[in-house]
Amino acid sequence: MKGKSSIYVEGGSPELMNIGQWLADKLNPPTGFDMKVKDSKGTPGSGNNIYLSVSDNDPELGEEGYLLNISEKLITLTANKPAGLFRGIQTIRQLLPDSVELGTAQKGPWKISTGIIRDYPTYPFRSSMLDVSRHFFSVDDVKRYIDLIAFYKMNFMHLHLADDQGWRIEIKSWPNLTIHGGSTQVGGGKGGFYTQEQYKDIVKYAADRYITIIPEIDMPGHTNAALASYPELNCNNKAPALYTKTAVGFSTLCVRKDTIYKFIDDVVRELAALTPGPYIHLGGDESHATKKDDYIFFIDTVQAIVQKHGKQMIGWEEISQSKLKPGTVVQYWSNAEHAITGVKKGAKIIMSPATKVYLDMKYDSTTKLGQDWAARIEIDSAYNWKLSTRVPGIARENILGVEAPLWSETVTNMDEIEYLVFPRLVGIAELGWSPEATRSWDEYKVRLGKHAPRMKVLGIDYYQSKQITWTE
Ligand code: NGO
């Protein structure tokens, strides 16, 4: 790349021009270049340019794959869909010197190796979850999280928006959910919530990076914040106090009351209107305070509500005890039997085994943050396994993909988030993307060590595991 390089965009559609501009905005500050994004008809002349085009003549690349051809004079990136171009651009970033991540002019030279990369994901769903209920995180924190997972080619982000300790998304028809239910968090801090305008901004920011936001409102358990906000959601019509500790399994909506379904219909309607993606997550985990037949009745009913609003429901593995409607997705986290039941009932599975991908688990006995009820998860443990062989009875064709959740009982700010998320998320992103047969820990640990300077320039406060020889 040179100062006079340009980014040519075949056909010049607004969407592709935006992708080109995204790349220009990334590259211009550190290189000091003034690369312009130009509409192109046919391959541009060979003046160290970058050429982006969409054409679907390679079906195997699917929605997100790309072909990157780097010759001495031209970088050509082709994909079937715009999302594939965006993923390919992340590879271009990764091939350039680490200092390309910095926002101010750097020395260069801006060399990139020649060659051809033909790349596409193994699984169509690669995601991370951030729990903004136990501790609330700002719009800017969420955007940074989105930027970081976008770099590793994830395509979904799940926001855990309501739990016992806080309700974090404005619902206009039930305003007290956030006014009262969003007013605190674990430890008694002031909590917070996203207005619908702020939430739309998050959804758009993610969509510009080809990431789909999945909103979760956990129910019928994990609902103390809602119960505290509206007495009529309780069987005794009395609102409990707000809750700022970290026990689970004590709250439940009064699931045989009609009011509950009016409430859920309103919540899902407003959420669906804010959600361009296909999924609404309604939780369903650890409803220990709900009777089993009530729970089954509840899950049956809420699936229908989600479908009525044009969405597919995701629920934690326990939902497989009820009848599953076609399209409902089960998220495995702890009890393989539930997940296998989900498969038998025809559901696709999101793999989130707590012993492997729960980012709130401690690394080892010395880790100060986090919990260890499921496991202590060192870097090798998080990386060195396969989605398709983890649970006998859940095969590749049953698996939608992988999601790494960060529960936030113990984390209060972005530095703490990053310490638990990185570098484990880097490897988990590979679990979903790279061919299972070619991955190896011995090879990965070397690459991860060499990735340290990149994480540093990205300002990531990662855990410096002794398992890795980190490049200074
Ligand atoms: C469990 C529980 C969450 C906790 C988390 C902590 C699920 C699905 N429900 O996972 O409420 O925050 O563990 O690790």
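Visitor: Which strands does helix 1 lie across?
Guide: Keep in mind that this is a predicted model. Helix 1, residues 14-31, lies across strand 1 (7-10), strand 2 and strand 3. Its direction is at about 165 degrees to strand 1.

Visitor: And how do I read the sheet? In what order do the six strands come?
Guide: With a sheet, you follow who pairs with whom. Here the order is 2-1-3-5-4-6, in an open sheet with mixed pairing. Strand 2 (37-40) and strand 6 (115-119) are the edge strands, each pairing on one side only. From one strand to the next, the twist averages 15 degrees.

Visitor: How many bridges join strand 3 to strand 5?
Guide: Six, and the two strands run parallel. Strand 3 covers residues 49-54, while strand 5 covers residues 74-79. To find your place there, look for Leu52, which stands opposite Leu77 of strand 5.

Visitor: Now the backbone. What should I look for in the angles?
Guide: The general idea is that most peptide bonds are trans, and most residues other than glycine have a negative phi. So you look for the exceptions. Pro109 sits in the loop between helix 2 (82-95) and strand 6.

Visitor: Where is Pro423, and is its bond from Phe422 cis or trans?
Guide: That bond is cis, with omega near 10 degrees. You'll find Pro423 in the loop between helix 12 (414-421) and helix 13 (424-433).

Visitor: What about phi at Lys153?
Guide: Lys153 isn't a glycine, yet its phi is positive, about 65 degrees. Lys153 belongs to the loop between helix 3 (139-151) and strand 8 (156-163).

Visitor: Last one: the ligand. How many residues surround it?
Guide: For a ligand, you start with its neighbours and then check individual atoms. There are 14 residues around this one, and the closest are Arg134, Asp285, Tyr358, Asp360 and Glu409. The shell divides into seven nonpolar, two polar and five charged residues.

Conventions
Residues numbered from 1 in each chain as written. Predicted model: local features only at pLDDT ≥ 70, side-chain atom pairs only at ≥ 80, totals over all residues. Heavy atoms only, no water. Near = heavy atom within 4 Å. Nonpolar A, V, L, I, M, F, W, Y, C, P; charged D, E, K, R; others polar. Pairing = 2+ DSSP bridges. Helix = DSSP H or I, 4+ residues; strand = E, 2+ residues; numbered from the N terminus. Axes fitted to C-alpha atoms, helices over the stretch in contact; angles between N-to-C directions. Contact = heavy atoms within 4.5 Å.
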